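I opened my notebook and went through this structure one look-up at a time.

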Amino acid sequence: MPWVSSVLYAAVLFAGVYYDIVGDDPQHPGRTAGFVIGVAALFALDAAEARWCRAGARRGAVAAAVLVLRVGLFFAVAACDGAGLSRVLFVLVPFTAYFAFGRRASLTLGAGCAGVLLGWYALAVDGWYADAEAISDLLMFALGLVLAVSMAAVATGAQEARRSLESTVRELRASHWQLRKYAARVAELSTAQERNRLARDIHDSLGHHLTALAVQLEKAEAFRALDATAADRAVSDARWSAARALDEVRASVRALRAESAPFSLSTALTDLVRHTGTDRPRVTLTVTGAETGYDVDRLTALYRAAQEALTNARRHADARHVTVCLEYGRSAARLTVADDGRGLPGPAAGAAPGVGLLGLRERLQLLGGALRIASEAGTGTTLTATVPRTPGGEP
């Protein structure tokens with residue numbers, strides 16, 4: 001609070017000059033000049049101190065030197081002041097010391113100033129303890145010291161509160177910026193996750209049915225002249241695959257709108273196996289246990305695994321027979337699809353799955369499940385998909 005000392009300097013300067021002009025005891029011009037020069041030096045010292053503070057140079061030794069110089073100027077001004085008001089300047093000693101050195105140093109210097117004034121009265125004024133004016137001056141000076149220290153404490157507290165508030169505002173701004181970055185990242189990840197989910201759904205549902213549709217139409221074309229019954233059955237199966245694909249598109253749209261529909265895995269697998277074909281490959285289905293306790297997402301993941309395995313067995317493995325076994329356990333459900341086809345080529349084939357198997361593995365892992373593929377060239381392929389029971393689901 002530099003304005004406090006400036007106001008006090010101005011008041012002392014005005015009182016001293018006014019007393020020299022209108023007072024009964026004329027002052028020597030040199031003494032008056034010294035008084036004015038001393039007060040001007042105090043103004044200059046405060047201005048220099050303010051510049052040092054803005055430059056961050058106010059540290060220990062510099063602050064102590066400024067305080068010593070200020071006290072020296074106080075004594076010089078008081079010595080040249082005929083009005084005697086300059087002693088009030090000493091209340092600035094604990095006031096300025098509070099900002100530079102803290103409360104303890106301020107209280108110590110305030111007590112020192114009061115002691116110096118009391119000592120001066122004791123040595124220079126006879127019977128001062130019986131002089132009402134002297135006692136009044138001492139009390140007023142002591143009250144000024146108390147007020148100066150209190151004002152410095154309030155100002156210091158306000159400065160600390162302002163610095164704390166500014167620091168909090170900076171931290172809040174940084175946190176707000178970080179939250180915005182996190183929100184953008186979450187939105188990006190959510191978009192990528194939804195995009196991957198849609199890609200898996202398109203491949204696992206539409207991809208399977210379109211593949212089955214193409215195979216059945218090729219079969220119908222090939223048997224059209226040789227076996228009309230087989231051709232008609234292939235066309236019927238192709239029509240079922242097209243209808244099923246349309247149903248799954250509608251189910252996906254309902255899922256995007258958060259509209260759930262009942263789903264039975266056992267029924268869906270039975271329907272899938274029945275329309276896969278009865279000539280090549282032949283598919284047999286075995287279901288054990290009850291699917292209660294498993295939510296739609298888990299059951300759908302197992303259904304997609306069956307679709308992927310049957311599609312691969314039909315298109316790539318040239319299998320003659322495929323067995324589909326679904327087991328509902330107390331803690332997990334397991335789907336096993338085994339064929340007697342050519343198997344996956346090469347020993348590292350299982351380590352580099354195609355898009356369908358990669359998407360299936362991701363789908364199962366998101367549910368806490370797993371996918372295992374066992375295959376050797378010429379011995380067939382076994383795909384095993386497991387998903388845990390839904391947390392809180394009834395066994």
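**First look**

I began with the secondary structure, and the chain comes to 10 helices and 5 strands. Helices here are DSSP runs of H or I with at least four residues, strands are runs of E with at least two, and both are numbered from the N terminus. I noted that this is a predicted model, where local features need pLDDT of at least 70 and side-chain atom pairs count only at pLDDT 80 or more, while totals for chains, interfaces and linings use all residues. Residues are numbered from 1 along each chain as its sequence is written, and side-chain values use heavy atoms, with hydrogens and water left out.

Next I looked up burial: 34% of the 395 residues of the chain count as buried. Buried means under 20% relative accessible area, exposed over 50%, and partly exposed in between, using a 1.4 Å probe and protein chains only.

I also checked contacts, meaning heavy atoms within 4.5 Å. Among those between residues at least 6 apart in sequence, 70% join residues at least 24 apart.

I asked myself how many of the residues of α4 are buried. The count is 7 of the 10, so α4 is largely enclosed by the rest of the structure. I listed the buried ones as L92, V93, P94, F95, T96, A97 and Y98. Just after α4, I found G102 with a positive phi of about 105 degrees.

Then I followed α4 (residues 92–101) to α5 (residues 103–124): their axes come within 7 Å and cross at roughly 160 degrees. Axes are lines fitted to C-alpha atoms, for helices over the stretch in contact, and angles run from 0 to 180 degrees between N-to-C directions. That makes α4 roughly antiparallel to α5. I kept the scale beside it: under 35 degrees is roughly parallel, over 145 roughly antiparallel, 65 to 115 roughly perpendicular, and the rest oblique.

On the α4 side, the contact is made by V93, P94, F95, A97, Y98 and F101. On the α5 side I wrote down R103, A105, S106, L109, G110 and C113. By class, this contact has 9 nonpolar, 2 polar and 1 charged residues. Ala, Val, Leu, Ile, Met, Phe, Trp, Tyr, Cys and Pro count as nonpolar, Asp, Glu, Lys and Arg as charged, and the others, Gly among them, as polar.

**Aromatic pairs**

I found 6 aromatic pairs in the structure. Rings of Phe, Tyr and Trp (its six-membered ring) pair if their centres lie within 6.5 Å; planes under 30 degrees apart are stacked, over 60 edge-to-face, and the rest tilted.

The rings of Y9 and F43 have centres 5.4 Å apart and planes at 80 degrees, so this pair is edge-to-face. Y9 lies in α1 and F43 in α2, so the pair ties together parts 34 residues apart in sequence. Y9 is buried at 1% relative accessibility, whereas F43 is partly exposed at 32%.

I then turned to F95 and F99, whose ring centres are 5.2 Å apart with planes at 80 degrees, so they are edge-to-face too. Both lie in α4, 4 residues apart, about one turn of the helix. F95 is buried with 4% relative accessible area, and F99 is partly exposed with 26%. Last, I noted that F74, F75 and F90 form one aromatic cluster.
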